[in-house]
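Dear colleague,

Please find below the structure that I am handing over to you. My notes on it follow directly after.

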Amino acid sequence: MATAATARLILFVALVTGSSGSAWAAQKKEDVAAAPAIHALRPMVGSGGDLGVSCDSWRLAVEANNKRNWKTVPASCEDYVGHYMLGKQYRRDSAAVVDEAVAYAEGLELAGNGTEVWVFDIDETSLSSLPYYAKHGFGTKLYNATSFNEYVLEGSALVLPETQRLFRKLISLGIKPVFLTGRTEDKRAITVANLCHQGYSGWMELLLKPVGFKGTAIAYKSGERLKLQDAGYIIVGNMGDQWSDILGVPEGGRTFKLPDPLYYIG
């Protein structure tokens, strides 16, 4: 299993490190010369604690927020999630979300006074932690804060090219990006370095959670968005991979949910 995961991870890294996401763009074309050596989606019947529910149905329930408060990916769906995340479908799903976000942003009538902002989550929205999860069972193992924080402090998370495409489009339109992350304030320096290394620049704010914060993700993120609104900014868009990134008042003019079957944050 470790060997297969390593091989798939090498493919993922090769795809996301191409210049300006060109490798990802090439994979979106239907006339790709050679398909990757993994299946983009391979349904597997039986999904651990959800006996009788196929892994693709389990993933649909997760993305629709019908399945909540789950702790791990069902053990029998490890290969399925790995194939989905490292195959074509995850990239296609992300591109479909971003295509809608770009179309929405291009149709906005802006005031022209610099008050419009767009909120982005970081992990699994702007940067990918997939190299970490590929080594830890694609979400089938319980979350380990110590090992994940060690990974974050490496500053090696990879760019998600589709999100970066939206990020750059917003800047060109005059909409200011704001990063709002569940990472804590003590990780500011490494987070800035990681974002810059992966090609992000020109954001307005990087908002990190206070060390020791005890509330829910929804309470924290909606509270930070309220501060932006109270400061006179108009949140025209809000994007994240977790429902807790985009729920709570104010949500923003429109919300966009990226796919993430690896973990759940309530």
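In which sense do strands S1 and S6 pair, and over how many bridges? Strand S1 (residues 116–120) and strand S6 (residues 234–240) pair in the parallel sense, over five bridges; two strands pair if DSSP finds at least two bridges between them. Helices (H or I, at least four residues) and strands (E, at least two) are DSSP runs, numbered from the N terminus.

As to provenance, this is a predicted model, in which local features need pLDDT of at least 70, side-chain atom pairs count only at pLDDT 80 or more, and totals for chains, interfaces and linings use all residues. Residues are numbered from 1 along each chain as its sequence is written, and side-chain values use heavy atoms, with hydrogens and water left out.

Five of the five residues of S1 are buried, so the strand is largely enclosed by the rest of the structure. Buried means under 20% relative accessible area, exposed over 50%, and partly exposed in between (1.4 Å probe, protein chains only). On one side of S1 lie Glu116, Trp118 and Phe120, and on the other Val117 and Val119.

Turning to the helices, Cys55, Trp58, Arg59, Val62 and Glu63 are buried in helix H3 (residues 55–63). They lie on the same side of H3, because they cover an arc of only 135° around its axis (the arc is that of the directions from the helix axis to the C-beta atoms). These buried residues pack against helix H4 (78–86), H5, helix H11 (243–246) and strand S7 (255–257), contact meaning heavy atoms within 4.5 Å. H3 is followed by Asn65, whose phi is positive, near 65°. H4 is itself mostly covered, with eight of its nine residues buried.

Finally, the axes of helix H5 (residues 88–106) and helix H8 (residues 161–173) come within 9 Å and cross at roughly 10°. H5 is therefore roughly parallel to H8, a term for angles under 35 degrees. Axes are lines fitted to C-alpha atoms, for helices over the stretch in contact, and angles run from 0 to 180 degrees between N-to-C directions. The residues that meet include Arg91, Asp99 and Val102 in H5, and Glu162, Arg165 and Leu166 in H8.

With kind regards

Definitions and conventions. Angles under 35 degrees count as roughly parallel, over 145 as roughly antiparallel, 65 to 115 as roughly perpendicular and the rest as oblique.
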